[in-house]
Amino acid sequence: PGYAVSNHGDVYSEPRTTTSIRDGKEFTRKVPGKFLTPISQKGGKYENVTLWKEGVPRPIRIHQIVALTFYGPKPEGYDTCHNDGDGTYNVITNIRYDTHAGNEADKIKHGTNQRGERNNLATITEEQAREVKRLIKTCTKNYGCIVSVSEITGLSRDIVQKIKSGDSWAHLKDI
């Protein structure tokens, strides 16, 4: 309530009257309507606006407002997705609800996924991860495999274990 959004992702704060109390006196003022200025978030990947409800600011991504306005509430377990992978292009024809798996498949298709070296938490290269996978595959006995691969590669046992279990670098096909 109090806001409108276009099918092009423009968010408008409708005119309103506000009341505040200062020094025990009540003041009323009219606030004109205006288009809200989007703020880039997540390294420019998405655009947010701040909506106010009961005096509390609530930042929200524009694509989520557009989807909610034109498609209704997001089904449980679904993501709000951009068809072309551009998180700043918030026209209704570029936005849809889809499963998380569908959203992740889009990220791979558009090259916007954060797997492997693109993940800012990655501590090794894809080449190193492939070498660990290759060495693990050649281990004849399970016990001691992590230790020996760790010693050969110079990587920590924790990293080798995470690659072996699929907790890290699971997207790499087995060698």
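Student: How much space lies in the largest cavity, and what makes it a cavity?

Tutor: About 140 Å³ of space lies in the largest cavity, a volume being the space filled by probe spheres set on grid points that are joined across faces, edges and corners. The name applies because, on a 1 Å grid over the protein atoms alone, a 1.4 Å probe fits at a cavity's points but cannot get out. The count comes to 1 cavity of 30 Å³ or more. The model is predicted, so local features need pLDDT of at least 70 and side-chain atom pairs count only at pLDDT 80 or more, while totals for chains, interfaces and linings use all residues. Residues are numbered from 1 along each chain as its sequence is written, and side-chain values use heavy atoms, with hydrogens and water left out.

Student: Which residues line the largest cavity closest to its centre, and which helix gives the most to the lining?

Tutor: A lining residue has an atom within 4 Å of a cavity point. There are 14 of them here, and Tyr-46, His-82, Gly-85, Asn-103 and Lys-107 are the closest to the centre. Strand E9 and helix H2 (100-110) each supply at least two residues of the lining, with H2 giving the most, 4 residues. Helices (H or I, at least four residues) and strands (E, at least two) are DSSP runs numbered from the N terminus.

Student: How do you know that Cys-139 and Cys-145 form a disulfide?

Tutor: A disulfide is a pair of cysteine sulfur atoms within 2.5 Å. The S to S distance between Cys-139 and Cys-145 is 2.2 Å, and the pair is therefore joined by a disulfide. A search of the whole structure finds 1 disulfide. Its torsion about the S-S bond is about 80°, so the disulfide is right-handed.

Student: Where is Cys-139 placed, and what is in contact with Cys-139?

Tutor: Cys-139 is in the loop between H3 and H4. Contact means heavy atoms within 4.5 Å; leaving aside neighbours within four places in sequence, Cys-139 is in contact with Cys-145, Ser-148 and Val-149. Cys-139 and Val-149 are 10 residues apart in sequence, and their C-alpha atoms are 8.6 Å apart in space.

Student: What makes a set of residues a nonpolar core, and how many residues has the largest nonpolar core?

Tutor: A nonpolar core is a set of buried Ala, Val, Leu, Ile, Met, Phe, Trp, Tyr and Cys residues joined through side-chain atoms within 4.5 Å. The largest has 13 residues, and Val-132, Val-149 and Val-160 have the most contacts inside it. Helices H3 (126-138), H4 (145-153) and H5 (157-165) give two or more residues each, and H3 gives the most, with 4 residues. Beyond four places in sequence, Val-160 is in contact with Val-132, Ile-136, Ile-146, Val-149, Ser-150, Thr-153 and Leu-155. A second, separate core of 12 residues includes Val-11, Ile-62, Ala-67 and Ile-95.

Student: Which residues of helix H1 are buried, and what covers the buried residues of H1?

Tutor: In H1 (residues 62-71), Ile-62, His-63, Ile-65, Val-66 and Ala-67 are buried. The cover includes strands E1 (3-5), E2 (11-13), E7 (46-53), E8 (56-61), E9 (78-82) and E10 (95-99). Just after H1, Gly-72 takes a positive phi of about 90°.

Student: How do you know that strands E3 and E4 pair?

Tutor: Two strands pair if DSSP finds at least two bridges between them. E3 (residues 16-22) and E4 (residues 25-31) run antiparallel and are joined by 7 bridges, and therefore they pair. Thr-19 stands opposite Thr-28 in E4. The two strands form a hairpin with 2 residues between them, and Asp-23 in the turn has a positive phi of about 55°.

Student: What is the order of the 3 strands in the open sheet, and why does Phe-35 count as buried or exposed?

Tutor: The order is E1-E2-E5, with antiparallel pairing. E1 and E5 are the edge strands, since each pairs on one side only. E1 and E2 are joined over 3 bridges, and Tyr-3 stands opposite Ser-13 in E2. Phe-35 is in E5 (residues 34-35); at 57% relative accessibility, Phe-35 therefore counts as exposed. Not counting residues up to four places away in sequence, Phe-35 touches Asp-10, Val-11 and Tyr-12.

Terms used
Buried means under 20% relative accessible area, exposed over 50%, partly exposed in between (1.4 Å probe, protein chains only). On a 1 Å grid over the protein atoms alone, a cavity is a set of points where a 1.4 Å probe fits but cannot get out, and a pocket is an open set with protein on both sides within 12 Å along at least five of seven lines; lining residues have an atom within 4 Å of a point.
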